[in-house]
Amino acid sequence: MTSLHPAPALQLLFPCDPFNKRIADEAYGEEYDAARAAGFACSLFSFEDFEAGRFKAQPALSAGLDVLYRGWMLRPDGYARLHQAIAQLDCAMLTSPAQYRHCHYLPEWYALCEEFTPETVIVARDADFAAAVEGKHWPAYFVKDYVKSLTTQRGSVAATPHEIAEVVGLIERYRGAVEGGVCIRKFEQLQADSEERYFVLRGQAFGRDGKVPALVDALASRIDSPFFSVDVVASSAGMLRLIELGDGQVSDRKQWPVERFMAMLESKPA
């Protein structure tokens, strides 16, 4: 069925190199070049200037085209500031601040996905972590804040409830702060090297090889966001498990070829 009101075309916004505002940041250079080659309108902005309270896109953003940010992860309040700065130019971002937060923070999406993802207890930073999981009798505890886990060699797994505080302290030490609060997740045995990232754009799920599991299709209709990522892993029993959702604008392509990613962005809503 064809929509009577087709979705506006996308224009992409990338961070520029910190020392040369005319070129994309090195981390996004390949994607920026591929987007331009695919015919997308692309603009650059200084992330450093934005953090200092100044926003200017070069070339200027075009009214009537949805803006899709592809850049560094922002806290929800930072994304709201970017959204506001773009709105002041009479332009609209594809993703609202509420939709960004919905996928960026685990507690926002957890209740909609409980049957697909490890059981999770969500508490404040100053909570009694051992008391929060009393009676759970989980094999171990995977600890993260609302966004990320501990990526050092120590890892984010606590063998006992009393080790949870140690992991939280290390997250705070290495990341500077615990963002939002603390998520204590039931540790599950997962198959090594089975993690796969999918994207959902305007309600349609995409895989890097063209295949999409039923779990991801189910999430495409549950999650209120026009663009988000879905990370799934196979359990030791072979069942797919949802590990993480993320806002698509700040999610790495991971194993996705850049050409496949651009083809997804060019696709029209079903």
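Student: Before we start, how are the residues numbered, and what does the model count?
Tutor: Residues are numbered from 1 along each chain as its sequence is written, and side-chain values use heavy atoms, with hydrogens and water left out. Because this is a predicted model, local features need pLDDT of at least 70 and side-chain atom pairs count only at pLDDT 80 or more, while totals for chains, interfaces and linings use all residues.

Student: Okay, is strand β9 enclosed or open?
Tutor: Strand β9, residues 182-186, is largely enclosed by the rest of the structure, because four of its five residues are buried. Buried means under 20% relative accessible area, exposed means over 50%, and partly exposed lies in between, with a 1.4 Å probe and protein chains only. Strands (E, at least two residues) and helices (H or I, at least four) are DSSP runs, numbered from the N terminus.

Student: And which strands pair with β9?
Tutor: Strand β6, residues 120-123, runs antiparallel to β9 and is joined to it by four bridges, with V121 opposite I184. Strand β7, residues 141-145, is also antiparallel to β9, through five bridges, and there Y141 stands opposite K186. Two strands pair if DSSP finds at least two bridges between them.

Student: New topic: which residues have the most contacts inside the largest nonpolar core?
Tutor: They are L12, F227, M264 and L265, in a core of 24 residues. The helix α9 (258-266) is one of the elements that supply at least two residues of this core, and α9 gives the most, with five residues. A nonpolar core is a set of buried Ala, Val, Leu, Ile, Met, Phe, Trp, Tyr and Cys residues joined through side-chain atoms within 4.5 Å.

Student: What does L265 touch, then?
Tutor: Leaving aside neighbours within four places in sequence, L265 is in contact (heavy atoms within 4.5 Å) with L10, L12, F40, L68, L201 and F227.

Student: Last one: where is Y69, and is Y69 buried or exposed?
Tutor: Y69 is in strand β4, residues 66-69, and Y69 is buried, with a relative accessible area of 0%. Leaving aside neighbours within four places in sequence, the contacts of Y69 include L13, F45, M93 and V250. Y69 and G248 are 179 residues apart in sequence, and their C-alpha atoms are 9.0 Å apart in space.
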